[in-house]
Amino acid sequence: MSASLADHIYEVASVILFGIGFTTLLLDRNLIKKIIGMNIMDTSVYLFLASMGYISGRSAPIGDGTAPSAENIINPVPAGLVLTGIVVSVSVTALMLALTIRLYHRYGTLDIDQIVTLARKGDEP
Amino acid sequence: MTILMMVLTILLPAAGALALKLIPGLDGDRKRLYLMTGCVLLADCVLAAITALCGDAEWTFLRLADSLPLMLKSDMLSRFFCVFFTVMWTVPVLYSYRYMEHEGHDRRYNMFYLLTLAALNALAFSGTAVTMYLNFEMMTLLSVALVLHEMTKDAIAAGLKYLIYSIAGATMGLLGIFYLATNTNGAVFVPGGSLDASAMTVSPTVMMIILLITIVGFGTKAGMFPMHAWLPTAHPIAPAPASAVLSGVITKAGVLCILRIIFYVVGAGFIRGTWLQQTLLTLSLLTVFMGSMMAFRTDLFKKRLAYSTVSQVSYVLMGIFMLQPTALTGSLLHIIFHSTIKTTLFLAAGAIIHQTGKTKVSELEGIGKQMPVTIWCFTLASLGLIGIPPTGGFISKWNLAQGALASGTGIFSWLGPVVLLISALLTAGYLLPVTIHGFFPGKDFDYEGLQTCECHRFMLISMILCVAFVILGGMFPGAFTAFFGRIASSLM
Amino acid sequence: MSRKAENWDTSWQKRAADWLRDGTDALDRAMISEMTEAPAVAPEDVPGAADVFEKKVHEDQQKEKAIYQTLHERTMTRGLHHARVLYRVLSILVCIGIILSLLHAVIEMPVFGSPDSPVVNDVSRRYIEDGLKETGAVNIVAGMILDYRAFDTLGESTVLFIASCAVMILLRRDRKRDGMMEKGSLPEDRDIIYEPHFDPILQKSAAFLTPVILLFGVYVVLNGHLSPGGGFSGGAILGAALMLFRNAYGVKNTRRFFTGRTFTTVVFLALLFYAGAKSYVFYTGGNGLESGIPLGTPGAILSSGLILPLDICVGAIVSCTMYTFFALFRRGEV
Amino acid sequence: MALLRNVPFASILACMVISVISMVFRGRIAKVLSYLLTTVLLAASLALTWYFVQGNDAFVFTMGHFGDPWGNELRAGLLESIMAAAMSLIVLAALAGGSYMIRSEIPDGKKNLFYIMADLMLASVMALIYTNDLFTSYVFIEIATISAGGLTMSRQSGHALASTARYMIMNLVGSGLCLMGITILYGTTGHLLMGSLHSAVQSLFENGSYHLPLMASLILLTVGLSIKSGLFPFHEWLPDTYSYGVTAGSALLSSVISKGYIFLLIKLYTRVFGLEVVRASHICILLFAFGTMGLIVGSLRATQAADIRRMVSYSSIAQIGYIYIALGLGTQEGVIAAVFHMLIHAFGKSMLFLSSGALIQASGGASDFISLRGSARRDIPAGIAFTVGAMSLTGVPLLGGFVSKIYIAQAAIPRGGLYVVIVLLALAASTFLNTLYFLRTVITIYRSDANAEATRHAGPVNSLFLCAMVILNFGLGIASRPLYNALLSGLNMFI
């Protein structure tokens, strides 16, 4: 078990990070912390991807103009996926932050439950 | 030809309703409104009669799914029920022309009245279980408008209760229809049933449980215990002619559904002698007894009549569950006689309320002096309901008792007649006081305070027609008995 | 003589009894509480009682509104409570379950860094070995995301675009005040006080930092197909430069060359070109036609077909979007 | 004919381009553009459907010059084209029918942004329907999430914002799970395109390696997508979002976006993992149980709701429960029933949202049942539409809902045993509860009202679209078999 854990050290780390981020995003009542949790969660997935792409002893997927051989270059696919994922999470983070700003200006709190209660007390549908 | 007549019989009332909706200026002009309604209904009677003279026919007009065809079918039972529905629907129109004066919203009332008839006819001509379910739902949704007519708080509460009980019942029915449709290709109605116990996907016990649920579900409409509670709430709320047809006719729609399920899909042989038959008999006898008891204890006039409906319709059900030709004949006879009698009673009650505004039985001293004709009709009808010869009620109950004794169903074969007798006594107990107090209010009653206020002759005509039918049908039952005997023997 | 309990009316025995007799059972009671007392007698029938009748109806209305209010709030607050409890319990369980199951899962995953993991298959081999002659990009990742899997990247830029639109919905203050922004979001009582008051150090450093950063960003963008980097990273750098300038010299100076209109036009043109070019490629590829786009000599700056212009578009989009996020967060306008 | 092969990619790209263009224009032009777009898409999807009905087989469209397993791909079959047509029709109906509300609910300067959101939502749903690539579907899941948030919060009230926050949070949780699932799947197979994934997964299951990771990714994807589509334990965000957002937005969310997610889930089950694998992993039972619970809970909550839009929202929890029940049967019939009910629910629910919006409009903007008295008399078409929609979802015969219930029951019967009993009981119970709340509402809106307020009619366009959808609903209820057979053959193309 421990040996296999050592073999998968990056995956284990990313999974634990994923759990932490997930819990924060789902459970924490503070909007900002929720956003942080979301970023932790996404980043852990990127770590996971990157660790999958790596092959020990090979170099980054940048050629030198000559046709490279697959034997000495790591897998480029995860890098591309991570790139895409990062942009997506950046956009979502921006949206969530903007939403938080609006809610904070309106209700003066970052506690989502308080906000929901205030909203329900406030304008009826 | 027959198909065309069937479709016309179904569609004519709907078209009439549409015309009522579209033709302008009917709101003020009640005479024209009711004239139109009456004409449409009479024409529909003619059509129904023609259809009844034509032969069998069936027409699959749609398939919801491969195993769920929608079919119109004309066989003896459907023809009988179609004529029965249409005629019983026509009788109260004259009455309602006068009665509905103080109710208002005549146009809406007549529209839904006609639409409900259309749904009823479609129900009568349904050829498969799914078609039947479909029309059953339609009939429920349309007839609820009759209950809701006054739109008061109580009316709406009662209407919702009616709606919820009926739809719950129909859903229970649908639950069984799924099984039956998968086990008997599409649950097409075949005399004697098409369910062979050997090739079933489920074990017979499960099938019987499902059948029990199904029959109880459709029994909701017939006010069968344990789903009867809506009936005494909903029927009295409606205007008198509406409650007359609700009680006299629409309850029979539930009976029709049960007939179809038992004799045309499942087959009597599958049920005969099983615990299912005993359970059903117990339920129906329980309902007979309980309905009479509750009626005996209720003082509100129309509510008392509604309870008596609960008990009387369960006579019919009992006759069906005996699974014996004579009993079935008896129940078919009781269908027509009870519905005519109950129509009379409700119309009379409505007339009394209309003229004097008295709604309790205990207030009716001396009513016989005020409205003699009405009370005479009422009395004759009550005698019919109690089952005193020579009225029709006697014939039907006689057949029922005969059949019960002849059906080898163990204790039920004698328990049935006993319950019949008891409940006949109870019926006398809750109906005759009206007559007695009405005509003989006692010596310390001031006759001077009474001024006669007989109701309008139009209202009387409807009642007298029904009563006449009850008496004559009781005197010369031969034709009916023969016809129903043929139906019954074709099923077993 | 069985004495009935005080709460007999609400007990289930009562309801069962009610259900057996007819009587209003629980179902109806729920409904009746919602039905108004419609007038049993219309006002004109009872002469002179019209106002009384009106008052009665009014009272009924009030009573009912109250009933509804309570009903409403009850559902609301109960919903909220349920939400809390449900969230807590369920999500704790779900999280623990997820961590454990994922741990189990990753134990079985291929060993880290092993060259024979299933990820290393023909896909990556083709990217690496034929990527150069098929896309002309030395940077294999750039070639992959902009040529092999370009649809993902298009969607990715669309995500940026839609996010900026959403932020505009939330934060942009329109010229004519639409009353939708509540007090506290106006610039004067928002963070305009934090706007730099021409801080000399910041300005001096920005004066020579901004051009350098801009230059570096442009380099990263233009060399996306030759070296690490590309549109997204370069665009981020450019955006950073813009933010630095904005912080140093304030809104007015920035407005001289970058306004909302600038953002709109740049993103509009870039995305249109991007979508147009890519749909051309998709069309030709999908219908098996040749897209006659020269790949150029690998390693040269003007090579690898569409990758360079697409990188430029992406760089423009990203930089403008980043700066716009910043500006909207600061002032609610670009 | 050959041109029709470009419809999938063209429809997605067209949505993107239109949304970009409508950024530089004002609200009115953006509106016109959206109408144009949805109409064209509807026509194109119908043409594609016709193309498949001709008997042509499903085809794969490589986005670029590199096909499976190297480049992105789209795939179109009968099922996809039907879904696409339905979705674009609903979007058109929701936008046009809800435009009167959009006018009043959204500030002028931001109308075009609202339409951008709508267009991109359509783009994302189209992509979810057509895509053949797992990572592309992730990207477009995110687009769908953001656009849904944008649609909800365009109505800038505090309620809308708060519910948007909850919505976004739950959805981000869902998409995070999806991303993790996709990653694990990629790590164990090394593929991202569904075709190669399918073969890889099958071979892995045959030689039994990487069993746990595959199960984990299956569970992650399922949970993520069911969170995003509002299955029972994760449904708490749903009522607020649907009842406080823009009316058209709620219609779109409930009938288009959630359906897109469910459709993606169906694709995963049928095309990536294969139904046998899914049935073998007992996740089906989970879905079945949750679906049943959601059915009951949603209906119960709907009976308590005191405001019409809330009631409709809760009822859509119940309807989603239906879909998952059918899906949880894990058989082909179950999947078809699920798709059929998806369509029925999409039409019925958008109709209900639009008509309830019109009824609220007709009773002076108040949405509680007292103010709604007699609103059906003030806006006849809306009343009729609400009645028909309510009856359809209650399961009155001759309407769509009844037929889909029949299909669900028929799909359950082969599974036999407990499944049948549970399904039939659940159907019965939900029918009963639906009667309780829907028909109660119907009676309420037809009651004569003591206080008739100043009424604002929702406008002829709304009425027009409502009538059209009523007709559609009847059509689906009466002549459902062509559609059913089409779905059947589409699913056969699928696998």
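Me: Which domains does the domain assignment of chain B give?

Reply: The assignment gives domain 1 (1-271) and domain 2 (273-492); such bounds come from an automatic or database domain assignment. The model is predicted, so local features need pLDDT of at least 70 and side-chain atom pairs count only at pLDDT 80 or more, while totals for chains, interfaces and linings use all residues. Residues are numbered from 1 along each chain as its sequence is written, and chains are lettered from A and ligands numbered from 1 in the order in which they are written.

Me: How do you know that domain 1 of chain B and domain 2 of chain B are in contact?

Reply: Two residues are in contact if their C-beta atoms, placed from the backbone, lie within 7 Å. By that criterion, 43 residues of domain 1 of chain B contact 47 residues of domain 2 of chain B. On the domain 1 side, H10(B) provides the largest share, 14 residues. Helices here are DSSP runs of H or I with at least four residues, strands are runs of E with at least two, and both are numbered from the N terminus. The C-alpha centres of the two domains of chain B lie 22 Å apart.

Me: What classes make up the side of domain 1 of chain B that touches domain 2 of chain B?

Reply: That side has 32 nonpolar, nine polar and two charged residues. Ala, Val, Leu, Ile, Met, Phe, Trp, Tyr, Cys and Pro count as nonpolar, Asp, Glu, Lys and Arg as charged, and the others, Gly among them, as polar.

Me: Why is Leu323(B) called buried, and why is Met151(B) called partly exposed?

Reply: A residue is buried if 20 or more other C-beta atoms lie within 10 Å of its own, exposed if 12 or fewer, and partly exposed in between, with C-beta atoms placed from the backbone. Leu323(B) has 24 other C-beta atoms within 10 Å and is therefore buried. Met151(B) has 15 and is therefore partly exposed. Leu323(B) is in the loop between helix H13 (301-321) and helix H14 (325-356) of chain B, and Met151(B) is in the loop between helix H6 (129-147) and helix H7 (153-183) of chain B.

Me: Where in chain B is the peptide bond from Pro389(B) to Pro390(B) placed, and what is its omega?

Reply: This bond is cis, with omega near 5 degrees, and Pro390(B) belongs to the loop between helix H16 (372-386) and helix H17 (392-406) of chain B. A further cis peptide bond joins Phe225(B) and Pro226(B), with omega about 5 degrees; Pro226(B) is in the loop between H8 and H9 of chain B.

Me: What makes H3(D) and H21(D) oblique to each other?

Reply: Two packed helices are described by the angle between their axes and the distance between the axes. Axes are lines fitted to C-alpha atoms, for helices over the stretch in contact, and angles run from 0 to 180 degrees between N-to-C directions. Angles under 35 degrees count as roughly parallel, over 145 as roughly antiparallel, 65 to 115 as roughly perpendicular and the rest as oblique. The axes of helix H3 (residues 78-97) and helix H21 (residues 481-494) of chain D cross at roughly 125 degrees and come within 7 Å, and the pair is therefore oblique. Their contact has eight nonpolar, two polar and no charged residues.

Me: Why is H9(C) called roughly antiparallel to H1(D)?

Reply: Helix H9 (residues 260-286) of chain C and H1(D) pack at an angle of about 170 degrees, with axes 10 Å apart. That angle makes H9(C) roughly antiparallel to H1(D). Among the residues that meet are Phe268(C) and Leu271(C) in H9(C), and Phe9(D) and Leu13(D) in H1(D).

Me: Which chains have the most contacts among the pairs that touch?

Reply: Chains C and D have the most among the five pairs that touch; 61 residues of chain D contact 59 residues of chain C. H6(D) gives the largest share of the chain D side, 11 residues. Chain A and chain B do not touch, their nearest C-alpha atoms being 27 Å apart.
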